[in-house]
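Have the structure open as you read.

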Amino acid sequence: MEAMKAKIYATPEQRATLLKWVAGARWIYNSKVNENAYLSTFARKYMPIGTYPDIDKKFSHFKSGDGEWLKEIPSPILREACNKWVDGFFRYLKSLKSKKKDGRKVGKPKLQRRDRGGDIVLDSTCFKIEKQTESHVYLLVGQKNNNIGILKVKRTKRIGDVSSARQIRISYRKGIFTLSLVFGESEDAYVSYANDTIQYLKDNESLENLLETSIGVDRGVRTPFETNLKSYDLTNSAKRKVNGKERFIKRQQRKLHRQVKGSKKRNKTKAKIQKAWVQIHNIREDFSHKVSHDLVVKSSAKIICLENLNIAGMTKSSKGTKAAPGKKVAQKRGLNKSILSKGWGSTAAKIQYKAQRNMKIVVKINPAYTSQTCSCCGHVSKESRNAKAFDCVSCHYKDDADKNASNNIRMISVALIHLGQRLDDKGALKMPESSKDRGEFSKTLEALRTLKQGSMKREPISKALPKV
Ligand SMILES: [Zn+2]
């Protein structure tokens, strides 16, 4: 699944209709929230313990009485709004069973507020791509006999061929409509495509070629993205901008606390804070697009190797409970903030969809020991690594710590591909299971290290020149 965003320029009539549709979707969602709350209270009071209201996808009963006006809105829009509530409720129920396992608590779906804007999701029955030119995309939005006419969307660099779009989402925030296109290919289709490619590479490519056409990416707290070739970080001016905005937000938030709730001035301050958040988000998104573009589209690598990180688990709060308070809470909070601000997850998602479009593959591996292993001799030791630098206690190979890790990620991935290991349904390469395969895996890793050393020795050209 991939999504690409573009600003919409709608006529006043189109805006009015779209606003009504957004309001309708919110109405259905909120009606489901209220209905569930009412039925839950009823069940708690009058039914045997353990009785809960059904979670159903019914919504047509909201279209009468107060909701008479909903009849003018294409039904699929309302259905998607109802599904959104159902999905949210199931996420909540699931989080009750496996409590806080991923570090997050999921609440019940809450009432959507009008001042926060809203979204509508349109499936293939509710939009049609009429025409695509080099600069614009023309969409017929709505059903055959209930539509807003043709919507003109400016094509940005990021919007390629849109003919395979499966869904569109129109979001309304602070007076601006944006369009997202959601593309068809599911994750399963990607995994089976990637596995076919791995099979092909295993049968046809030498170990040396595999190593040369792959790129290892290490995600670090100090440098957000480090590959065996290059490191990526926000530019200094972007960092300054983000810092400035964050200070601005802090100041405005202090002001907000002093202002009277519901007052005009307070709402103004609130809008200022929101705007600053959006600006920070835009800077980070821009960086994330640049990194993924450079790694996937610009580079000649065919295989992009990442670590399989559980970001939600890593950024879990260490607050603990009242009975058993956690340790170093503030420190962990700082680390979490720093991890989340690097955009590891969203960049990985972008790498994935860009790879798919460019016929390249992304593989993920288990990150265990990638930062403690020497990429030169394979010796594993905690002592080899201190903060920035890697200095192998066994062979005294010196390198940047993140660069060393990215080399390990790359070599482990290549060794697994060479062995013909397949991706699981989450896109991660499985480790070999039988002892024979494990032996083969270590041998391949050994060979790769020798290959890497060979390429390093070749580098100083002066030594290779013939003596006169
Ligand atoms: Zn070493």
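The points below go from the whole chain down to single residues.

1. Ground rules before anything else. This is a predicted model, in which local features need pLDDT of at least 70, side-chain atom pairs count only at pLDDT 80 or more, and totals for chains, interfaces and linings use all residues. Residues are numbered from 1 along each chain as its sequence is written.

2. Overall layout. The protein chain has 12 helices and 15 strands; these are DSSP runs numbered from the N terminus, with helices being H or I of at least four residues and strands being E of at least two. Its C-alpha atoms fill a box of roughly 95 × 60 × 50 Å along the principal axes. Of the contacts with a separation of 6 or more, 64% are between residues 24 or more positions apart; a contact here is two C-beta atoms, placed from the backbone, within 7 Å.

3. Domains. An automatic or database domain assignment supplies the bounds: domain 1 is 3–183, and domain 2 is 187–229 + 299–462. Taken over C-alpha atoms, the domain centres are separated by 38 Å.

4. Burial. Of 468 residues, 26% count as buried. That label takes 20 or more other C-beta atoms within 10 Å of the residue's own, while 12 or fewer makes a residue exposed and anything in between is partly exposed, with C-beta atoms placed from the backbone.

5. A nonpolar core is a set of buried Ala, Val, Leu, Ile, Met, Phe, Trp, Tyr and Cys residues joined through C-beta atoms within 7 Å. The largest one has 42 residues, and V217, I304, C305 and V363 touch the most other members. Elements giving two or more residues to this core include α3 (187–204), β8 (214–219), α6 (264–298), β11 (303–307) and α10 (401–419). The top contributor is α10, with 9 residues.

6. C305 up close. Which residues does C305 touch, not counting residues up to four places away in sequence? Its list is S214, I215, G216, V217, V363, I365, I409, R410 and S413.

7. Second core. A separate core of 34 residues includes A25, V141, A165 and Y172.

8. The α6/α9 packing. The axes come within 9 Å and cross at roughly 40°; they are lines fitted to C-alpha atoms over the stretch in contact, with angles from 0 to 180 degrees between N-to-C directions. That makes α6 oblique to α9, because angles under 35 degrees count as roughly parallel, over 145 as roughly antiparallel, 65 to 115 as roughly perpendicular and the rest as oblique. The crossing is right-handed, meaning that the near helix is turned clockwise from the far one by less than a right angle. On the α6 side, S288, H289, V291 and L295 are among the residues that meet α9, where the partners include S346, T347, K350 and I351.

9. H289 itself. Located in helix α6, H289 counts as partly exposed because it has 16 C-beta neighbours inside 10 Å. From the C-alpha atom of H289 to that of K94, 195 residues apart along the chain, the separation is 32 Å.

10. Two backbone spots to look at. K174, in the loop between β6 (165–173) and β7 (176–183), has a positive phi near 45° despite being a residue other than glycine. With 11 C-beta neighbours inside 10 Å, K174 is exposed. Y369 is a residue other than glycine with a positive phi too, near 65°, and is found in the loop between β12 and β13 (385–386). Y369 has 13 C-beta neighbours inside 10 Å, so it counts as partly exposed.
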